[in-house]
Amino acid sequence: MLRRKILATVDLSRVGADPELTAGARKKLLELQEHLVILPVDKSSHDFGFVCKRFYNQDLHAKVNHSTNYSPSEETPQQVIARHKAYLGREGLHSSNVLPYLYGTLKLHKEVTSMRYIAGVSRKNCVDSDSEAADAGRDARPKTTFSSTTDAQLDLTGLLKAIMSILRREDDIRFNATGYRYFWITESSDDTAFFLKTHADELAQLDAGTFDFTTMYDQLELEELLNAVADTINEAFPAHV
């Protein structure tokens, strides 16, 4: 019913990637958002869910304060941006004035409905620098979604993918010699489907098991994760250990 009422106010002739709302619809939507948070639904990207704003804030506050990966900061947003720019600048990396933020996704497919929080980036989260003129305003906002650490993240992603390729190539050699894999690396379901299809006879009598990180985003211990990454790098380049 609610979905039908909202869609009834949309200019259907303009529906596409960015539907056009009438002024009345926009006003009603803002009134709705005074009490409810509109969230994407996990594993159902075409749907959206509504959550009580007070409950959403309480749940987010509890997740942040009960995780070892978050701690209160006494720095202002401007100080955080300045620290990022100073550090990344020494490494020859670019930094913007946009800080990431946490947003929730609704997990309705679980037996007990819950939310998973993911770091997102928005141009609306741009932090005005202390040194910039106050009238710079929106003209200073980036034209693309680029956080203060995006440049470093892209570099790190490229390096880790290169290491992943080295380890996968070594495991392919091991697999051809022994018939078993030391580990699996898949970038799409096609990799797994191809393996199952080409080894159907050997796997026919075996049972399959699947596993998931139930609290991956906000419960992974960062120190443990860093140690695991260091071990992986050392395995890829053993001569340099």
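Modeller: Two strands pair if DSSP finds at least two bridges between them; a strand is a DSSP run of E with at least two residues, a helix a run of H or I with at least four, both numbered from the N terminus. This is a predicted model, in which local features need pLDDT of at least 70, side-chain atom pairs count only at pLDDT 80 or more, and totals for chains, interfaces and linings use all residues. Residues are numbered from 1 along each chain as its sequence is written, and side-chain values use heavy atoms, with hydrogens and water left out.

Biologist: OK, what makes E3 and E4 a pair?

Modeller: Seven bridges join E3 to E4, and the rule asks for at least two, so they pair. The two strands run antiparallel, and a hairpin of six residues connects them. At one spot Lys 107 stands opposite Ser 114 in E4, and at another Tyr 101 has Gly 120 in E4 as its bridge partner.

Biologist: How do you know that E1 and E2 pair, and in which sense?

Modeller: E1 (residues 36-41) and E2 (residues 44-52) share six bridges in the antiparallel sense. Six passes the cut-off of at least two, so E1 and E2 count as paired. Leu 39, for example, sits opposite Gly 49 in E2.

Biologist: What sits in the hairpin of E1 and E2, and what is its phi?

Modeller: There are two residues between the strands, and Lys 43 takes a positive phi near 65 degrees.

Biologist: Why is that phi worth a remark for Lys 43?

Modeller: Lys 43 is not a glycine, yet its phi is positive, about 65 degrees. Most residues other than glycine have a negative phi.

Biologist: What does the side chain of Ser 44 contact, and how do you know that the contact is polar?

Modeller: The partner is the side chain of Asp 47, at 2.8 Å. A polar contact needs a pair of N or O atoms within 3.5 Å; within protein one must be able to donate a hydrogen and the other to accept it, and residues adjacent in sequence count only if both atoms are side-chain atoms. At 2.8 Å, the Ser 44 to Asp 47 pair is within that limit. Asn 97, in the loop between H4 and E3, has a polar contact too, 2.6 Å to the side chain of Lys 85. With a relative accessible area of 9%, Asn 97 falls on the buried side.

Biologist: Why is Pro 100 put in the class it has?

Modeller: Its relative accessibility is 37%, so Pro 100 is partly exposed. Pro 100 lies in the loop between helix H4 (77-90) and strand E3 (101-107).

Biologist: What makes a residue a contact of Pro 100, and which are they?

Modeller: Contact means heavy atoms within 4.5 Å. Leaving aside neighbours within four places in sequence, Gly 120, Asn 125 and Ser 147 qualify for Pro 100. Asp 59 gets Met 115 and Tyr 117 under that same exclusion. Asp 59 belongs to helix H3 (residues 53-65), and at 16% it is buried. Its C-alpha lies 9.7 Å from that of Gly 104, 45 residues away in sequence.

Biologist: What lies around the largest pocket, and what is its volume?

Modeller: The volume is about 1500 Å³. There are 33 lining residues, with Asn 69, Tyr 70, Pro 100, Leu 102 and Ala 119 closest to the centre. On a 1 Å grid over the protein atoms alone, a pocket is an open set of points with protein on both sides within 12 Å along at least five of seven lines, where a 1.4 Å probe fits, and lining residues have an atom within 4 Å of a point.

Biologist: Which elements supply the lining of the largest pocket?

Modeller: H4, E3, E4 (114-120), H5 (150-178), H8 (216-219) and H9 (222-236) each give at least two residues. By class, the lining has 20 nonpolar, eleven polar and two charged residues.

Biologist: And how many helices and strands are there in the chain?

Modeller: Nine helices and four strands. Of the 241 residues, 20% are buried.

Technical notes: Buried < 20%, exposed > 50% of the residue type's maximum accessible area, 1.4 Å probe, protein only. Points joined across faces, edges and corners; volume = space filled by probe spheres on them. Nonpolar A, V, L, I, M, F, W, Y, C, P; charged D, E, K, R; others polar.
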